[in-house]
Amino acid sequence: MATYEEVKEVPNHPEVYLIDVRNNDEVTNTGSIPASIHIPLPELENVLTMSEGDFLTTFKRDKPSTDSVIIFSCMSGRRAQIATDLAHNHGFKK
């Protein structure tokens with residue numbers, strides 16, 4: 001679980017990935033999280049398995065390695081936990 005201070009520092013740490021797994025309408029209504037990559041939870045598995053080139057083209061950022069620090073965010077934490085479990089199942093360790 002990341003602290004507010006850790007999330008606030010993400011823009012200063014490009015090696016850390018902050019992935020917002022909220023739905024499109026939630027982001028539209030409440031705004032995006034600075035320095036985050038928006039990937040709705042239903043799309044996450046496809047994104048985790050896409051090629052590095054496709055990830056770079058889509059998100060304008062290198063794809064995280066399996067050793068990269070990834071912080072998942074949502075409204076209440078439930079989807080972030082599901083996203084964390086999904087990433088672990090695909091070999092992402094942090």
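Modeller: A salt bridge is a side-chain nitrogen of Lys or Arg within 4 Å of a carboxyl oxygen of Asp or Glu. Please bear in mind that this is a predicted model.

Colleague: How many salt bridges does the rule give here?

Modeller: The count comes to 3 salt bridges. One of them joins the side chains of D20 and R22, with N and O 2.7 Å apart.

Colleague: Are D20 and R22 buried or exposed?

Modeller: Buried means under 20% relative accessible area. D20 has 1% relative accessibility, so D20 counts as buried. R22 has 5% and therefore counts as buried too.

Colleague: Which residue pairs with R79 in a salt bridge?

Modeller: R79 meets E26, again through the side chains, at 2.7 Å from N to O. This pair links distant parts of the chain: E26 belongs to helix α2 and R79 to helix α5, which covers residues 78–89, and the two are 53 residues apart. As for cover, E26 counts as buried because its relative accessibility is 18%, and R79 is buried because its relative accessible area is 11%.

Colleague: Where in the chain are D67 and K93, the two partners of the other pair?

Modeller: D67 lies in the loop between α4 and β3, while K93 lies in the segment after α5; the pair links distant parts of the chain, 26 residues apart. The closest N and O atoms of this salt bridge are 3.3 Å apart. For the accessibility classes, exposed means over 50%, and partly exposed is the range between buried and exposed. D67, at 44% relative accessibility, therefore counts as partly exposed. K93, at 54%, counts as exposed.

Colleague: Let us turn to the backbone. Which value of phi does A35 have?

Modeller: Phi of A35 is near 70°, a positive value in a residue other than glycine. A35 sits in the loop between α2 (24–30) and β2 (36–38). Its relative accessibility is 39%, so A35 counts as partly exposed.

Colleague: What is the value of phi for K60, and where is K60 found?

Modeller: For K60, phi is near 55°, which is also positive in a residue other than glycine. The loop that holds K60 runs between α4 (52–59) and β3 (69–73). K60 counts as exposed because its relative accessibility is 67%.

Colleague: In which order do the elements of the protein chain run?

Modeller: From the N terminus on, the order is α-β-α-β-α-α-β-α. Along the principal axes, the C-alpha atoms fill a box of roughly 30 × 25 × 25 Å.

Colleague: What share of the residues counts as buried, and what share of the contacts joins residues 24 or more positions apart?

Modeller: Of the 94 residues, 37% count as buried. Among contacts with a separation of 6 or more, 52% come from residues 24 or more positions apart.

Colleague: What remains to be read from the surface and the charges?

Modeller: The protein chain exposes about 5,900 Å², and carbon and sulfur atoms supply 52% of that area. The chain has 9 positive and 14 negative charges, and their mean positions are 1 Å apart.

Technical notes: Residues are numbered from 1 along each chain as its sequence is written. This is a predicted model: local features need pLDDT of at least 70, side-chain atom pairs count only at pLDDT 80 or more; totals for chains, interfaces and linings use all residues. Side-chain values use heavy atoms; hydrogens and water are left out. Helices (H or I, at least four residues) and strands (E, at least two) are DSSP runs, numbered from the N terminus. Buried means under 20% relative accessible area, exposed over 50%, partly exposed in between (1.4 Å probe, protein chains only). Contact means heavy atoms within 4.5 Å. Accessible areas come from the Shrake-Rupley method with a 1.4 Å probe; for residues, only the protein chains shown count as cover. Lys and Arg count as positive and Asp and Glu as negative; His and the chain ends are not counted. The place of a charge is taken as NZ of Lys, CZ of Arg, CG of Asp or CD of Glu.
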